[in-house]
Each structure stands twice: as structure tokens, then as C-alpha cells.
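This note sets out some points for a colleague who is reading a structure of this kind for the first time. Please keep the sequence and the model in view while going through them.

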Amino acid sequence: AQSPPFETVVIDEACQAVEASCLIPLATGASRCVLVGDPRQLPAFVLSAEPGAELYQRSLFQRFEEAGWPIVMLKTQYRM
């Protein structure tokens, strides 16, 4: 059996990424995933007039937060 190309997947700005886009890197078979983002800033967004498009306007970060997974907020934020 071949090992996955990545042990850990880090998804930056995970609060702004729709769930489906986060599933792509997770398909590598990584054993660990770190979602990085600020749930108090911009949410995931889909620009579509199609009925039901609002079902895709949720991030994987938001799904985990709603399911009770622990969220760790930084006390100090450094900007570049």
C-alpha cells in the first residue's frame, strides 16, 4: 500500500471556502486536517441565481463549529 502524499492538510481562510472546495485536498487521504480562519469575518459565499445555491454557502469550518468541535481563537493577531 502506498502512503498518502500528505500526512497533514492545512486549509487557510477555511471560513471563506465553501465545503465542496475543502473536500478536494482531503481526498489525498491525509490523516490530519487543520482548518485556519476567522469565523467572525467573511463567510463562505457562492454567487448563483440557481435555486438551492444557498445550501452550498457554508464552510467546512462552520459545519464543524456547529457540530461542537472546539474552536481556538488567537489572543493576538499579527498582520503583514
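**Notes on the predicted model**

1. Glu 19 counts as buried, because its relative accessibility is 16% and buried means under 20% relative accessible area, exposed over 50%, and partly exposed in between (1.4 Å probe, protein chains only). Glu 19 belongs to helix 1, residues 19-26. Leaving out residues up to four places away in sequence, Glu 19 touches Arg 58, Ser 59, Leu 60 and Arg 63, where contact means heavy atoms within 4.5 Å.

2. The model is predicted, so local features need pLDDT of at least 70 and side-chain atom pairs count only at pLDDT 80 or more, while totals for chains, interfaces and linings use all residues. Residues are numbered from 1 along each chain as its sequence is written, and side-chain values use heavy atoms, with hydrogens and water left out.

3. The protein has two helices and two strands, and along the sequence they follow the pattern β-α-β-α. Helices (H or I, at least four residues) and strands (E, at least two) are DSSP runs, numbered from the N terminus. Of the contacts with a separation of 6 or more, 65% are between residues 24 or more positions apart.

4. Of the 80 residues of the protein, 19% count as buried. The protein exposes about 6,600 Å², and 59% of this comes from carbon and sulfur atoms. Accessible areas come from the Shrake-Rupley method with a 1.4 Å probe; for residues, only the protein chains shown count as cover.

5. Phe 61 is part of helix 2 and is buried, because its relative accessible area is 6%. What does Phe 61 contact, leaving aside neighbours within four places in sequence? The partners are Ala 14, Cys 15, Leu 35, Gly 37, Pro 39 and Ile 71. Phe 61 and Leu 35 are 26 residues apart in sequence, yet their C-alpha atoms are 6.5 Å apart in space.

6. The largest pocket holds about 690 Å³ of space. It is lined by 20 residues, and those closest to its centre are Leu 35, Val 36, Gly 37, Phe 61 and Val 72. On a 1 Å grid over the protein atoms alone, a pocket is an open set of points with protein on both sides within 12 Å along at least five of seven lines, and lining residues have an atom within 4 Å of a point. Grid points are joined across faces, edges and corners, and a volume is the space filled by probe spheres set on the points.

7. Strand 2 (32-35) and helix 2 (60-66) each give at least two residues to the lining of the largest pocket. That lining has twelve nonpolar, three polar and five charged residues. Here Ala, Val, Leu, Ile, Met, Phe, Trp, Tyr, Cys and Pro count as nonpolar, Asp, Glu, Lys and Arg as charged, and the others, Gly among them, as polar.

8. How many disulfides are there? The count is zero, where a disulfide is a pair of cysteine sulfur atoms within 2.5 Å. The sulfur of Cys 15 is too far for a bond, because the closest cysteine sulfur, in Cys 22, is 9.4 Å away. For Cys 33 the closest cysteine sulfur is also in Cys 22, at 7.3 Å, and is too far for a bond. Cys 15 is buried at 7% relative accessible area, whereas Cys 33 is partly exposed at 33%.

Conventions:
On a 1 Å grid over the protein atoms alone, a cavity is a set of points where a 1.4 Å probe fits but cannot get out, and a pocket is an open set with protein on both sides within 12 Å along at least five of seven lines; lining residues have an atom within 4 Å of a point.
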